[in-house]
Amino acid sequence: FLSVTEDLVRRRAEHNNCEIFSLEEISLHQQEIEKLECLDKWCRDLKILYLQNNLIPKIENVGKLKKLEYLNVALNNIERIENLEGCEELKKLDLTANFIGELSSIEALKYNIHLKELFLVGNPCTEFEGYRQFVVATLHQLKCLDSKEIERSERIQALQNYPELKQKIREQEQAYLLKRTREKEEAQIKMQERKDKKQKKMESNLECDSSDSPQNKENHQAEGRSEQETWRTAEDDEDRRFWEEPTPYTPESRLETHRYIEEKRRAKENIRESKKCEKPLRILVTAEGKVLNVNEPKLNFSLKDDEENNQIILDLAVYRHLDTSLLDVDVQPTYIRVLVKGKPFQLVLPEEVKPDCSSAKRSQTTGHLVVIMPKVCNII
């Protein structure tokens with residue numbers, strides 16, 4: 001799992017010169033965080049903390065943030081409200097679109113006496129009969145629930161029916177928790193099935209590789225293209241099955257979807273990397289020692305024979321905004337080689353030059369690279 005790292009916090013603290021101890025606001029949204037830790041040690045002065053759209057299953061390690069006023073943990077995998085008693089200054093809490101079904105856990109917020117706004121929209125508990133009245137009657141300090149202001153008359157009415165309301169909520173909560181237990185068990189079985197299937201697939205691939213004779217391997221190479229197409233089709237079928245399969249919206253399915261996407265992304269990256277490795281190296285000098293003309297960066301150039309000053313001038317049209325540190329010039333007696341962002345430009349010279357006396361500079365008007373190479377033979 002991914003947790004909050006000091007490096008991540010420092011990178012997100014650019015507005016505070018990357019200092020984290022005096023940090024008052026930080027945004028860690030969409031970072032694929034699966035565990036919340038260490039923030040209460042590193043950033044004691046935090047007032048605003050954005051953690052929306054991650055994969056956090058539990059509110060933890062924020063209890064020592066005594067100055068925290070606004071906590072946003074919308075779109076996570078949180079199932080109950082807890083560990084916020086120490087956030088003495090908490091005024092606004094956003095738990096939109098989580099998986100909170102244990103509605104009675106809001107009683108933990110009674111200790112946050114400054115809490116004025118609470119957002120629970122998109123949580124299973126909002127479907128309970130009497131949900132709003134229960135929250136309004138439990139948290140006397142609240143002024144606004146799910147963007148709707150709490151009227152004085154609404155609170156009085158909710159308090160009058162509180163004992164029956166509490167009982168009704170407990171019953172619905174118990175039914176929901178039983179359902180969640182079943183969902184967790186089913187998710188566990190499903191995960192194990194996927195693991196076993198993956199293991200079998202890997203084992204069958206290994207068996208095929210080991211049983212191949214040299215002749216078979218040659219045949220496989222000859223049929224490589226059609227095999228690759230078949231593999232792609234199988235991959236597409238698997239992908240379609242995954243997305244079309246009906247799945248309950250649970251923390252487990254959300255996590256599984258994220259991991260599936262991540263796995264596919266890594267697989268694509270590995271294919272790209274292997275293709276890069278397979279790319280044959282550009283031949284600059286043949287086995288016989290013949291130097292070739294190469295223009296891999298596809299740049300315009302001109303080669304001028306300045307007879308008056310007994311020198312050869314190369315004007316290479318590199319991009320005006322290209323950093324000079326990305327250019328590497330190598331002058332040899334019979335040829336010149338320039339690496340432009342690692343891509344070789346190589347040119348055989350019409351006459352022999354003096355590498356030690358040659359000079360290279362960027363034109364101030366065009367940004368072109370100008371290389372002046374004095375010739376070896378002197379003018380008589």
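Trainee: Where does aspartate 146 lie?

Mentor: Aspartate 146 sits in the loop between strand 6 (144-145) and strand 7 (148-149). Strands here are DSSP runs of E with at least two residues, helices are runs of H or I with at least four, and both are numbered from the N terminus. Keep in mind that this is a predicted model: local features need pLDDT of at least 70 and side-chain atom pairs count only at pLDDT 80 or more, while totals for chains, interfaces and linings use all residues. Residues are numbered from 1 along each chain as its sequence is written, and side-chain values use heavy atoms, leaving out hydrogens and water.

Trainee: Why is aspartate 146 called buried?

Mentor: Its relative accessibility is 18%, and buried means under 20% relative accessible area, with exposed over 50% and partly exposed in between (1.4 Å probe, protein chains only). So aspartate 146 counts as buried.

Trainee: And serine 147, buried or exposed?

Mentor: Exposed, because its relative accessibility is 59%. Serine 147 is also in the loop between strand 6 and strand 7.

Trainee: What makes helix 3 and helix 4 roughly perpendicular?

Mentor: Helix 3 (residues 131-138) and helix 4 (residues 152-160) pack at about 95°, with axes 8 Å apart. The axes are lines fitted to C-alpha atoms over the stretch in contact, with angles from 0 to 180 degrees between N-to-C directions. Under 35 degrees is roughly parallel, over 145 roughly antiparallel, 65 to 115 roughly perpendicular and the rest oblique. The pair is therefore roughly perpendicular.

Trainee: Which residues make the contact?

Mentor: Arg132, Gln133, Val136 and Ala137 of helix 3 meet Glu154, Arg155, Ala158 and Leu159 of helix 4. Contact means heavy atoms within 4.5 Å.

Trainee: What makes a set of residues a nonpolar core?

Mentor: They must be buried Ala, Val, Leu, Ile, Met, Phe, Trp, Tyr or Cys, joined through side-chain atoms within 4.5 Å. The largest one has 53 residues, and Leu49, Leu95 and Leu118 have the most contacts inside it. Helix 3 gives the largest share, five residues. A second, separate core of 18 residues includes Val331, Val338, Leu347 and Val353.

Trainee: Why do strand 8 and strand 11 count as edges?

Mentor: Their open sheet has four strands in the order 8-13-12-11, with antiparallel pairing. Strand 8 (294-295) and strand 11 (327-331) each have a single partner strand, so one side of each has no neighbour in the sheet.

Trainee: How do you know that strand 12 and strand 13 pair?

Mentor: Two strands pair if DSSP finds at least two bridges between them. Strand 12 and strand 13 (residues 343-348) have six, in the antiparallel sense. In strand 13, phenylalanine 345 is the bridge partner of valine 338.

Trainee: Why is isoleucine 336 called buried?

Mentor: Its relative accessible area is 0%, so the buried label applies. Isoleucine 336 belongs to strand 12 (residues 335-340). Beyond its neighbours within four places in sequence, its contacts include Leu314, Phe345 and Met373. The C-alpha atoms of isoleucine 336 and leucine 314 are 9.1 Å apart, though 22 residues separate the two along the chain.
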